[in-house]
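Here is a short tour for anyone who likes to see how a fold is put together. Please load the model and follow along.

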Amino acid sequence: MQVFYATQFVLPLPPGHRFPMAKYQLLRDRLADELPGIRLAQALPASDGELALAHTPGYIQAISDGSVDPRIQREIGFPWSPAMAERARRSVGATISACRAAFQDGVAANIAGGTHHAYADKGGGFCVFNDAAVASRLMQAEWGRQRAKPLRVAIVDLDVHQGNGTARIFHGDPTVFTLSLHGQKNFPFRKEPSDLDVDLPDGCGDDEYLSALEGALDELDRRFDPGLVIYLAGADPHEGDRLGRLKLTWDGLEARDRRVFDWAWQRGVPLAFAMAGGYGTRIEDTVQVQVNTFRVAVQYWRRWQNRAR
Ligand SMILES: [Zn+2]
(Lines give C-alpha, C1' and ligand atoms only; values in the text may rest on other atoms or scores of the structure.)
Protein backbone atom coordinates (compact mmCIF):
# COMPACT_ATOMS: atom_id res chain seq x y z
CA MET A 1 0.00 0.00 0.00
CA GLN A 2 1.41 3.35 -1.01
CA VAL A 3 1.81 5.89 1.81
CA PHE A 4 3.15 9.40 1.29
CA TYR A 5 5.15 11.58 3.68
CA ALA A 6 7.61 14.46 3.65
CA THR A 7 10.49 15.08 6.04
CA GLN A 8 9.20 18.65 6.25
CA PHE A 9 6.24 17.34 8.25
CA VAL A 10 8.43 17.64 11.34
CA LEU A 11 8.39 21.38 11.73
CA PRO A 12 10.48 23.02 14.46
CA LEU A 13 8.11 24.72 16.93
CA PRO A 14 8.77 26.95 19.93
CA PRO A 15 9.26 25.04 23.24
CA GLY A 16 5.95 24.20 24.91
CA HIS A 17 3.90 24.51 21.69
CA ARG A 18 0.80 22.35 22.05
CA PHE A 19 0.91 20.74 18.60
CA PRO A 20 2.36 17.20 18.85
CA MET A 21 4.70 17.43 15.84
CA ALA A 22 6.62 14.30 16.91
CA LYS A 23 3.66 12.07 16.09
CA TYR A 24 4.47 11.98 12.37
CA GLN A 25 7.94 10.53 12.87
CA LEU A 26 6.67 8.07 15.51
CA LEU A 27 3.95 6.91 13.12
CA ARG A 28 6.39 6.50 10.23
CA ASP A 29 8.76 4.46 12.39
CA ARG A 30 5.99 2.18 13.60
CA LEU A 31 4.55 1.65 10.10
CA ALA A 32 8.01 0.76 8.77
CA ASP A 33 8.55 -1.70 11.67
CA GLU A 34 5.12 -3.30 11.91
CA LEU A 35 3.39 -3.20 8.53
CA PRO A 36 5.62 -4.61 5.81
CA GLY A 37 2.80 -4.22 3.24
CA ILE A 38 3.35 -0.45 3.29
CA ARG A 39 5.56 1.33 0.77
CA LEU A 40 6.59 4.77 2.04
CA ALA A 41 7.31 7.43 -0.56
CA GLN A 42 8.21 11.09 -0.29
CA ALA A 43 5.54 13.55 -1.43
CA LEU A 44 6.20 16.37 -3.86
CA PRO A 45 5.02 19.87 -2.90
CA ALA A 46 1.76 21.06 -4.46
CA SER A 47 2.35 23.81 -7.04
CA ASP A 48 0.75 27.27 -7.03
CA GLY A 49 -1.53 26.14 -9.86
CA GLU A 50 -2.70 23.08 -7.95
CA LEU A 51 -3.30 25.07 -4.75
CA ALA A 52 -5.27 27.63 -6.77
CA LEU A 53 -7.92 24.97 -7.46
CA ALA A 54 -9.14 25.58 -3.89
CA HIS A 55 -7.30 28.69 -2.65
CA THR A 56 -7.13 32.33 -3.64
CA PRO A 57 -3.93 33.51 -5.36
CA GLY A 58 -3.47 36.18 -2.68
CA TYR A 59 -3.52 33.66 0.15
CA ILE A 60 -1.14 31.27 -1.65
CA GLN A 61 1.25 34.17 -2.23
CA ALA A 62 1.04 35.34 1.39
CA ILE A 63 1.84 31.86 2.73
CA SER A 64 4.73 31.56 0.27
CA ASP A 65 6.42 34.84 1.14
CA GLY A 66 5.47 35.17 4.81
CA SER A 67 3.21 38.20 4.41
CA VAL A 68 0.17 36.51 5.98
CA ASP A 69 -2.13 38.77 7.98
CA PRO A 70 -0.98 38.40 11.62
CA ARG A 71 -4.57 37.66 12.70
CA ILE A 72 -4.79 34.72 10.27
CA GLN A 73 -1.30 33.59 11.27
CA ARG A 74 -2.48 33.45 14.89
CA GLU A 75 -5.54 31.47 13.88
CA ILE A 76 -3.34 28.95 12.05
CA GLY A 77 -1.35 28.49 15.26
CA PHE A 78 2.10 27.88 13.75
CA PRO A 79 4.68 30.65 13.46
CA TRP A 80 5.47 31.39 9.78
CA SER A 81 8.76 30.13 8.37
CA PRO A 82 9.87 28.90 4.94
CA ALA A 83 9.69 25.36 6.43
CA MET A 84 6.09 25.95 7.52
CA ALA A 85 5.13 27.01 3.96
CA GLU A 86 6.96 24.04 2.47
CA ARG A 87 5.37 21.61 4.91
CA ALA A 88 1.92 22.89 3.99
CA ARG A 89 2.59 22.37 0.27
CA ARG A 90 4.01 18.88 0.82
CA SER A 91 1.08 17.89 2.98
CA VAL A 92 -1.27 18.75 0.10
CA GLY A 93 1.07 16.98 -2.32
CA ALA A 94 0.89 13.82 -0.21
CA THR A 95 -2.91 13.73 -0.38
CA ILE A 96 -2.78 14.33 -4.14
CA SER A 97 -0.35 11.42 -4.51
CA ALA A 98 -2.50 9.25 -2.24
CA CYS A 99 -5.57 9.94 -4.40
CA ARG A 100 -3.72 9.00 -7.58
CA ALA A 101 -2.40 5.86 -5.89
CA ALA A 102 -5.91 4.97 -4.70
CA PHE A 103 -7.12 5.01 -8.32
CA GLN A 104 -4.37 2.47 -9.10
CA ASP A 105 -4.51 0.29 -5.99
CA GLY A 106 -7.87 0.90 -4.29
CA VAL A 107 -6.48 2.26 -1.02
CA ALA A 108 -3.60 4.69 -0.26
CA ALA A 109 -2.68 7.23 2.40
CA ASN A 110 -1.11 10.48 3.46
CA ILE A 111 0.74 10.16 6.76
CA ALA A 112 -0.30 13.77 7.58
CA GLY A 113 -2.93 16.03 5.98
CA GLY A 114 -6.60 16.24 6.78
CA THR A 115 -6.21 20.01 7.17
CA HIS A 116 -9.92 20.68 7.04
CA HIS A 117 -10.01 24.05 8.87
CA ALA A 118 -8.34 25.81 5.93
CA TYR A 119 -10.65 28.01 3.83
CA ALA A 120 -10.00 29.30 0.31
CA ASP A 121 -8.48 32.52 1.64
CA LYS A 122 -7.32 31.72 5.19
CA GLY A 123 -6.03 28.98 7.44
CA GLY A 124 -6.91 28.11 11.03
CA GLY A 125 -6.60 25.42 13.70
CA PHE A 126 -3.16 24.12 12.61
CA CYS A 127 -4.34 24.00 8.98
CA VAL A 128 -2.70 26.09 6.24
CA PHE A 129 -3.97 24.66 2.94
CA ASN A 130 -6.93 22.29 2.54
CA ASP A 131 -5.39 19.10 1.17
CA ALA A 132 -8.67 17.24 0.60
CA ALA A 133 -10.17 20.21 -1.24
CA VAL A 134 -7.19 20.72 -3.55
CA ALA A 135 -6.89 16.98 -4.21
CA SER A 136 -10.62 16.62 -4.95
CA ARG A 137 -10.55 19.40 -7.53
CA LEU A 138 -7.32 18.15 -9.09
CA MET A 139 -8.62 14.58 -9.36
CA GLN A 140 -11.75 15.95 -11.00
CA ALA A 141 -9.63 17.92 -13.50
CA GLU A 142 -7.45 14.91 -14.32
CA TRP A 143 -10.49 12.65 -14.61
CA GLY A 144 -12.38 15.08 -16.81
CA ARG A 145 -9.81 14.95 -19.57
CA GLN A 146 -10.86 11.42 -20.49
CA ARG A 147 -14.47 11.01 -19.46
CA ALA A 148 -17.88 12.44 -20.12
CA LYS A 149 -19.25 12.40 -16.55
CA PRO A 150 -17.49 14.42 -13.84
CA LEU A 151 -15.76 12.65 -10.97
CA ARG A 152 -17.82 12.80 -7.80
CA VAL A 153 -15.87 12.89 -4.54
CA ALA A 154 -17.15 12.12 -1.03
CA ILE A 155 -15.09 13.63 1.78
CA VAL A 156 -15.80 11.57 4.89
CA ASP A 157 -14.46 13.66 7.76
CA LEU A 158 -14.36 11.75 11.06
CA ASP A 159 -11.92 14.05 12.80
CA VAL A 160 -13.63 15.16 16.02
CA HIS A 161 -13.63 18.80 14.88
CA GLN A 162 -15.99 20.01 12.20
CA GLY A 163 -14.58 20.31 8.67
CA ASN A 164 -15.57 23.96 8.39
CA GLY A 165 -13.08 24.98 5.69
CA THR A 166 -13.95 22.01 3.50
CA ALA A 167 -17.69 22.61 3.94
CA ARG A 168 -17.33 26.23 2.91
CA ILE A 169 -15.11 25.55 -0.11
CA PHE A 170 -17.58 23.00 -1.52
CA HIS A 171 -20.78 24.78 -0.51
CA GLY A 172 -23.15 24.57 -3.48
CA ASP A 173 -20.90 22.18 -5.43
CA PRO A 174 -22.98 19.11 -6.32
CA THR A 175 -19.90 17.09 -7.38
CA VAL A 176 -18.30 16.95 -3.91
CA PHE A 177 -20.21 15.62 -0.90
CA THR A 178 -18.93 16.81 2.48
CA LEU A 179 -19.79 14.64 5.49
CA SER A 180 -18.61 15.62 8.96
CA LEU A 181 -19.17 13.77 12.26
CA HIS A 182 -17.94 16.00 15.06
CA GLY A 183 -18.28 17.15 18.64
CA GLN A 184 -21.09 19.68 18.79
CA LYS A 185 -19.47 21.77 21.53
CA ASN A 186 -15.93 21.51 20.17
CA PHE A 187 -13.86 23.81 17.95
CA PRO A 188 -14.71 25.39 15.50
CA PHE A 189 -17.40 27.20 17.44
CA ARG A 190 -18.87 28.74 14.30
CA LYS A 191 -19.53 25.76 12.06
CA GLU A 192 -20.17 25.85 8.31
CA PRO A 193 -22.96 23.76 6.80
CA SER A 194 -21.61 20.55 5.19
CA ASP A 195 -23.78 18.43 2.90
CA LEU A 196 -24.28 16.27 5.98
CA ASP A 197 -23.33 17.27 9.54
CA VAL A 198 -23.71 14.98 12.52
CA ASP A 199 -23.32 16.69 15.91
CA LEU A 200 -22.17 14.46 18.75
CA PRO A 201 -22.52 15.30 22.46
CA ASP A 202 -19.56 15.53 24.84
CA GLY A 203 -18.70 12.12 26.27
CA CYS A 204 -20.16 10.21 23.30
CA GLY A 205 -19.03 6.56 23.45
CA ASP A 206 -18.57 3.72 20.96
CA ASP A 207 -22.19 2.61 20.55
CA GLU A 208 -23.65 6.04 20.06
CA TYR A 209 -20.83 7.01 17.70
CA LEU A 210 -21.03 3.90 15.56
CA SER A 211 -24.77 4.12 15.19
CA ALA A 212 -24.44 7.80 14.18
CA LEU A 213 -21.82 6.79 11.62
CA GLU A 214 -24.05 4.05 10.27
CA GLY A 215 -26.91 6.51 9.80
CA ALA A 216 -24.60 9.00 8.11
CA LEU A 217 -23.21 6.43 5.65
CA ASP A 218 -26.75 5.31 4.84
CA GLU A 219 -27.72 8.86 4.07
CA LEU A 220 -24.56 9.38 1.99
CA ASP A 221 -25.55 6.28 0.06
CA ARG A 222 -29.02 7.63 -0.65
CA ARG A 223 -27.86 11.07 -1.72
CA PHE A 224 -24.57 10.53 -3.56
CA ASP A 225 -22.65 8.13 -5.74
CA PRO A 226 -18.91 8.83 -5.34
CA GLY A 227 -16.11 7.77 -7.66
CA LEU A 228 -13.54 8.56 -4.95
CA VAL A 229 -13.66 8.72 -1.14
CA ILE A 230 -11.25 10.91 0.81
CA TYR A 231 -11.36 9.79 4.44
CA LEU A 232 -10.12 12.01 7.28
CA ALA A 233 -9.29 9.41 9.93
CA GLY A 234 -8.78 11.76 12.88
CA ALA A 235 -7.45 10.08 16.02
CA ASP A 236 -8.98 12.77 18.23
CA PRO A 237 -12.34 11.06 19.03
CA HIS A 238 -10.26 8.72 21.25
CA GLU A 239 -11.00 8.81 24.99
CA GLY A 240 -7.33 9.62 25.72
CA ASP A 241 -7.39 12.80 23.62
CA ARG A 242 -6.82 16.17 25.31
CA LEU A 243 -9.03 18.10 22.90
CA GLY A 244 -11.56 15.55 21.64
CA ARG A 245 -14.19 15.47 24.44
CA LEU A 246 -15.52 12.11 23.14
CA LYS A 247 -14.97 8.67 24.68
CA LEU A 248 -14.20 6.24 21.89
CA THR A 249 -12.11 3.20 22.84
CA TRP A 250 -9.42 1.52 20.70
CA ASP A 251 -12.02 -1.01 19.60
CA GLY A 252 -14.59 1.66 18.81
CA LEU A 253 -12.15 3.55 16.60
CA GLU A 254 -11.09 0.39 14.84
CA ALA A 255 -14.74 -0.45 14.17
CA ARG A 256 -15.18 3.08 12.81
CA ASP A 257 -12.26 2.67 10.41
CA ARG A 258 -13.41 -0.77 9.34
CA ARG A 259 -16.89 0.56 8.61
CA VAL A 260 -15.57 3.32 6.34
CA PHE A 261 -13.08 1.12 4.47
CA ASP A 262 -15.76 -1.52 4.08
CA TRP A 263 -18.32 0.97 2.80
CA ALA A 264 -15.94 2.03 0.00
CA TRP A 265 -14.83 -1.55 -0.71
CA GLN A 266 -18.41 -2.82 -1.02
CA ARG A 267 -19.10 -0.16 -3.63
CA GLY A 268 -15.80 -0.58 -5.47
CA VAL A 269 -14.84 3.04 -4.75
CA PRO A 270 -11.13 3.94 -4.36
CA LEU A 271 -10.32 5.48 -1.00
CA ALA A 272 -7.46 7.81 0.00
CA PHE A 273 -7.09 8.65 3.67
CA ALA A 274 -5.29 11.31 5.68
CA MET A 275 -4.48 11.44 9.38
CA ALA A 276 -6.06 14.73 10.47
CA GLY A 277 -6.01 15.51 14.22
CA GLY A 278 -4.81 13.65 17.28
CA TYR A 279 -3.75 15.22 20.57
CA GLY A 280 -3.44 12.34 23.00
CA THR A 281 -2.46 13.05 26.59
CA ARG A 282 0.02 10.32 25.73
CA ILE A 283 1.30 10.90 22.20
CA GLU A 284 1.81 7.11 21.91
CA ASP A 285 -1.96 6.66 22.19
CA THR A 286 -2.59 8.96 19.23
CA VAL A 287 0.01 7.06 17.21
CA GLN A 288 -1.57 3.76 18.26
CA VAL A 289 -4.97 4.86 16.94
CA GLN A 290 -3.31 5.77 13.65
CA VAL A 291 -1.33 2.52 13.40
CA ASN A 292 -4.61 0.66 13.91
CA THR A 293 -6.15 2.64 11.03
CA PHE A 294 -3.26 1.63 8.77
CA ARG A 295 -3.57 -2.01 9.84
CA VAL A 296 -7.23 -2.05 8.74
CA ALA A 297 -6.36 -0.11 5.57
CA VAL A 298 -3.73 -2.66 4.54
CA GLN A 299 -6.33 -5.43 4.87
CA TYR A 300 -8.62 -3.64 2.44
CA TRP A 301 -5.72 -2.77 0.14
CA ARG A 302 -4.92 -6.53 -0.01
CA ARG A 303 -8.49 -7.28 -1.00
CA TRP A 304 -8.20 -4.83 -3.89
CA GLN A 305 -4.97 -6.47 -5.06
CA ASN A 306 -6.54 -9.94 -4.93
CA ARG A 307 -9.59 -8.76 -6.83
CA ALA A 308 -7.47 -7.05 -9.47
CA ARG A 309 -5.65 -10.28 -10.32
ZN1 LIG B 1 -9.40 17.51 15.02
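This is a predicted model: local features need pLDDT of at least 70, side-chain atom pairs count only at pLDDT 80 or more; totals for chains, interfaces and linings use all residues.

On the β1 side, strand β1 (residues 2-5) pairs with β3 in the parallel sense over two bridges. Within that pairing, V3 has A109 of β3 as its bridge partner.

Which way do the side chains of β8 point? In this strand (residues 271-274), L271 and F273 point one way while A272 and A274 point the other way, and all are buried.

β8 pairs in the parallel sense with strand β3 (residues 107-110) over four bridges, and A274 of β8 is the bridge partner of N110. Strand β7 (residues 228-232) also runs parallel to β8, joined to it by four bridges, with L271 of β8 as the bridge partner of V229. To get from β7 to β8, the chain passes through helix α9 (residues 250-266), making a right-handed β-α-β crossover.

## Helices α8 and α9

Helix α8 (residues 206-223) packs with α9 at an angle of about 10 degrees, and their axes are 10 Å apart. The two helices are therefore roughly parallel to each other. Where do they meet? On the α8 side the contact involves D206, Y209, L210, L213 and L217, and on the α9 side D251, G252, A255, R256, R259 and W263. By class, this contact has six nonpolar, one polar and four charged residues.

## A loop residue, D195

D195 sits in the loop between β5 (176-183) and β6 (196-200). Is D195 buried or exposed? It counts as buried, because 20 C-beta neighbours lie inside 10 Å and the cut-off for buried is 20 or more.

Apart from neighbours within four places in sequence, D195 is in contact with F177, T178 and L179. D195 and G172 are 23 residues apart in sequence, with a C-alpha to C-alpha distance of 8.9 Å.

Terms used: Residues are numbered from 1 along each chain as its sequence is written. A residue is buried if 20 or more other C-beta atoms lie within 10 Å of its own, exposed if 12 or fewer, and partly exposed in between; C-beta atoms are placed from the backbone. Two strands pair if DSSP finds at least two bridges between them. A crossover is right-handed if, with the strands pointing away from the viewer, the path from the first strand over the helix to the second runs clockwise. Axes are lines fitted to C-alpha atoms, for helices over the stretch in contact, and angles run from 0 to 180 degrees between N-to-C directions. Angles under 35 degrees count as roughly parallel, over 145 as roughly antiparallel, 65 to 115 as roughly perpendicular and the rest as oblique. Two residues are in contact if their C-beta atoms, placed from the backbone, lie within 7 Å. Ala, Val, Leu, Ile, Met, Phe, Trp, Tyr, Cys and Pro count as nonpolar, Asp, Glu, Lys and Arg as charged, and the others, Gly among them, as polar.
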